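Let's take a walk through this model together, beginning with a pair of packed helices and moving on to charged side chains. Have the viewer open as you read.

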Amino acid sequence: MSETGFCFSFSCMPTKEEAPLQQISPKKEGSNPKTLFNLALAMQAEGELTEACQLYEKVVKIDSDFHDAWYNLGHIKEEQGDSCGASKCIGQALRINPNDKESHLLMAYALESQDNILGALSHYSEAQRLDPKCSATLYNLANAFHDLHRLEDATKCYHKVIVLDPDNVDAHFNLGVVLQDAGDLQGAMSAYSKALEIDDTLIDAKAAILGLKNILRETMTPSSQQTTPSSSLSP
């Protein structure tokens, strides 16, 4: 499936920048947290994550309220697969600025990596409150609702995504999955068909439509006791 917005692709998470990147000599870094932060940013941009992480740690040791350093440190830890460490760093970022949408989104992703879907739902909900018209946040909120089997809430969120982003193929497809799980086969067929209309190469949608047609055909037979397995959500 294609990825739109966060969806949730970790690579889409932004890095916090304090100032434009500039050439800084490590010998002159001193103990100025902003200087260290900019040097860490430069190293992070070059993919030198271990060195960047060490510099961000120096920044927060000097200034424990340096929000963007905590955020970027959490970003790197999540990228390196340390979701527990990432959530601790993002927790510090949220302590400093509880109204930062990106911090809530990154926290949600880190918690999902730890299979804490309920915790992730809380942070997706807060991010959505902070930016009600962010379709990517609503999309991830809908996915979390589905994972918790809250199908009605998931359906409402996918509909909201589609209002904001009518051509979001993943939202249409996932709406079909949720409606099929809820037993609304006609509604699911409509959603899958819309997804295929947007992207006629979508193999999952083609397979889902074919499967639903077979199910609906079977349900026309009185002796049939066909079940209705749904497709898997798009990430």
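Predicted model: local features only at pLDDT ≥ 70, side-chain atom pairs only at ≥ 80, totals over all residues.

Residues are numbered from 1 along each chain as its sequence is written, and side-chain values use heavy atoms, with hydrogens and water left out.

Start with helix H3 (residues 67–79) and helix H5 (residues 101–113). Helices here are DSSP runs of H or I with at least four residues, numbered from the N terminus. How do H3 and H5 pack? Their axes lie 11 Å apart, at an angle of about 30°. Axes are lines fitted to C-alpha atoms over the stretch in contact, and angles run from 0 to 180 degrees between N-to-C directions. H3 and H5 are therefore roughly parallel to each other, a label for angles under 35 degrees. H3 passes H5 in a left-handed crossing, meaning that the near helix is turned anticlockwise from the far one by less than a right angle.

Now look at the residues that meet (contact is heavy atoms within 4.5 Å). H3 brings His 67, Tyr 71, Gly 74, His 75 and Glu 78, and H5 answers with Glu 102, Ser 103, Leu 106, Tyr 109, Ala 110 and Ser 113. Sorted by class, the contact has 4 nonpolar, 5 polar and 2 charged residues; in this scheme Tyr counts as nonpolar and Gly as polar.

Next come the salt bridges, of which the structure holds 7. The term asks for a side-chain nitrogen of Lys or Arg within 4 Å of a carboxyl oxygen of Asp or Glu. In helix H8 (residues 151–164), Lys 156 and Glu 152 are 4 residues apart, so about one helical turn separates them; their side chains meet at 3.7 Å, N to O. Glu 152 is exposed, at 58% relative accessible area, and Lys 156 is partly exposed, at 47%. Those labels mean over 50% for exposed, under 20% for buried and in between for partly exposed (1.4 Å probe, protein chains only).

Helix H10 (residues 185–198) has Lys 194 and Glu 197, 3 residues apart and again separated by about one helical turn. The closest N and O atoms of their salt bridge are 3.2 Å apart. Lys 194 is partly exposed at 30%, whereas Glu 197 counts as exposed at 57%.

Finally, find Arg 150, which forms a salt bridge with Asp 153 at 3.0 Å between the closest N and O atoms. Arg 150 is partly exposed, at 37%, and Asp 153 is partly exposed, at 26%.

Definitions and conventions
Helix = DSSP H or I, 4+ residues; strand = E, 2+ residues; numbered from the N terminus. Parallel < 35°, antiparallel > 145°, perpendicular 65-115°, else oblique.
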